[in-house]
Amino acid sequence: MLVGAVGRVPVGALTDRFGGRRMLAVLNVLSVVPVLLVAWAGTQASYPLLLVFAFFLGIAGTSFAAGIPFVNAWYEPARRGFATGMFGIGMGGTALSSFFTPRFVSWFGYVPAHLIIAAALAVTGVVVWLLARDASAWKPSTQAVLPKLKAAAKLTVTWQMSFLYAVTFGGFVAFSTYLPTYLKDVYDFDLAGAGTRTAGFAIAAVIARPIGGVLSDRTHPKVVVLVSLAGAAVAAVLMALKPQPEIPAGIVFVAMAFFLGLGAGGVFAWVARRAPADRVGAVSGVVGAAGGLGGYFPALVLGATYNEVTHSYTVGLALLVVTATIALLYTLWRLPREDSTRSTHA
């Protein structure tokens with residue numbers, strides 16, 4: 001997650017220069033290497049090697065920063081919320097992974113499961129290279145990467161959207177990662193059962209993300225983000241009350257996923273409106289990195305604040321409520337509705 005987050009910054013800037021087609025193809029193929037190395041580390045029963053090689057699995061996560069400017073260039077501004085929202089359906093890979101990975105290991109074995117994933121990555125990379133095309137409106141940036149990143153960092157919109165994306169998408173990533181543990185600790189589900197329910201959580205967010213993009217086109221991203229943050233705060237309160245499985249708890253978890261997905265779609269629709277056209281990749285990279293980092297730390301907080309006596313995560317969820325509320329108030333009072341980038345320089 002750390003590599004996938006931080007790596008989005010240079011990948012976004014490189015996409016502005018080389019185009020989404022090349023970057024997406026290369027990233028898919030490069031991701032094959034750590035997948036195979038993780039499989040090898042497992043056969044050696046080496047936890048240190050597993051940690052080292054899994055660190056580089058984050059390369060695959062950087063593809064988000066290449067995909068956003070790629071699809072963004074194909075659509076006029078009025079439909080970019082829809083475009084980035086549809087691209088965000090790729091979050092569904094989390095649901096597929098949660099559901100299929102443990103079953104692949106059970107059906108085919110440990111190493112074959114990794115080989116299947118590596119083959120899927122390789123085939124995707126080749127298909128993108130052969131069939132994908134950069135939009136005719138896209139022009140490669142000749143500016144050096146570091147100055148481009150510095151220019152993106154000087155835009156106020158970069159940091160505003162980074163904060164909101166760290167809360168919305170970061171919340172989704174954190175729950176998708178930690179939910180199996182959460183469900184095991186609080187509700188005593190086994191790994192397969194927790195994985196299946198985590199897949200349902202991810203699907204709800206995947207469905208909500210393009211809805212957030214479309215609603216942003218029809219109303220305004222600010223409205224969508226406000227609804228998202230308010231809904232996430234309420235859902236966190238209900239989660240802290242430990243509703244009973246399956247129906248009450250399921251509804252609360254699905255609602256949390258839906259509101260977080262809605263907000264993630266709204267934030268990137270906002271990025272598409274406000275970021276300068278020649279810096280969308282760089283801005284997307286920084287914002288995407290913030291989302292990844294936003295998902296990295298909440299899982300650590302949940303683990304650190306877990307109450308073994310009561311089997312609860314009340315403290316961690318209370319912190320989520322506070323964070324969502326602060327983000328809501330900041331969005332309501334400090335962020336403008338206008339889409340012009342003229343006034344976004346720090």
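User: Which helices are included in what covers the buried residues of H16?

Analyst: This model is predicted. In it, the cover over the buried residues of H16 includes helix H11 (156-187), helix H13 (221-240), helix H14 (247-274) and helix H15 (280-305).

User: Which residues of H16 are buried?

Analyst: The general idea concerns the helical repeat. An α-helix has 3.6 residues a turn, so residues three or four places apart point the same way. In H16 the buried residues are Gly316, Leu317, Leu320, Val321, Ala324, Ala327, Leu328 and Thr331. They cover an arc of only 145° around the axis, which puts them on the same side of H16.

User: Which exposed residues does the face of H16 turned away from its buried side carry?

Analyst: That face carries Trp333 and Arg334, both exposed.

User: How is the crossing of H2 with H6 described: at what angle do the axes cross?

Analyst: Helix H2 (residues 8-18) and H6 have axes that cross at roughly 35° and come within 7 Å. This crossing, too, is right-handed. H2 contributes Arg8, Val11, Gly12, Thr15 and Asp16 to the contact, while H6 contributes Phe64, Ala65, Ala66 and Pro69. The residues divide into five nonpolar, two polar and two charged.

User: Which residues other than glycine have a positive phi?

Analyst: Most residues other than glycine have a negative phi, and most peptide bonds are trans. Among the residues with a positive phi are Asp188, near 65°, and His311, at about 50°. Asp188 lies in the loop between H11 and helix H12 (191-218) and is exposed, with a relative accessible area of 68%. His311 lies in the loop between H15 and H16 and is partly exposed, at 39% relative accessibility.

User: Where is the peptide bond that is cis?

Analyst: The bond from Pro245 to Glu246 is cis, with omega near -5°. Glu246 is found in the loop between H13 and H14.

Conventions:
Residues numbered from 1 in each chain as written. Predicted model: local features only at pLDDT ≥ 70, side-chain atom pairs only at ≥ 80, totals over all residues. Heavy atoms only, no water. Buried < 20%, exposed > 50% of the residue type's maximum accessible area, 1.4 Å probe, protein only. Helix = DSSP H or I, 4+ residues; strand = E, 2+ residues; numbered from the N terminus. Arc of directions from axis to C-beta. Contact = heavy atoms within 4.5 Å. Axes fitted to C-alpha atoms, helices over the stretch in contact; angles between N-to-C directions. Left-handed = near helix turned anticlockwise from the far one by under 90°. Nonpolar A, V, L, I, M, F, W, Y, C, P; charged D, E, K, R; others polar.
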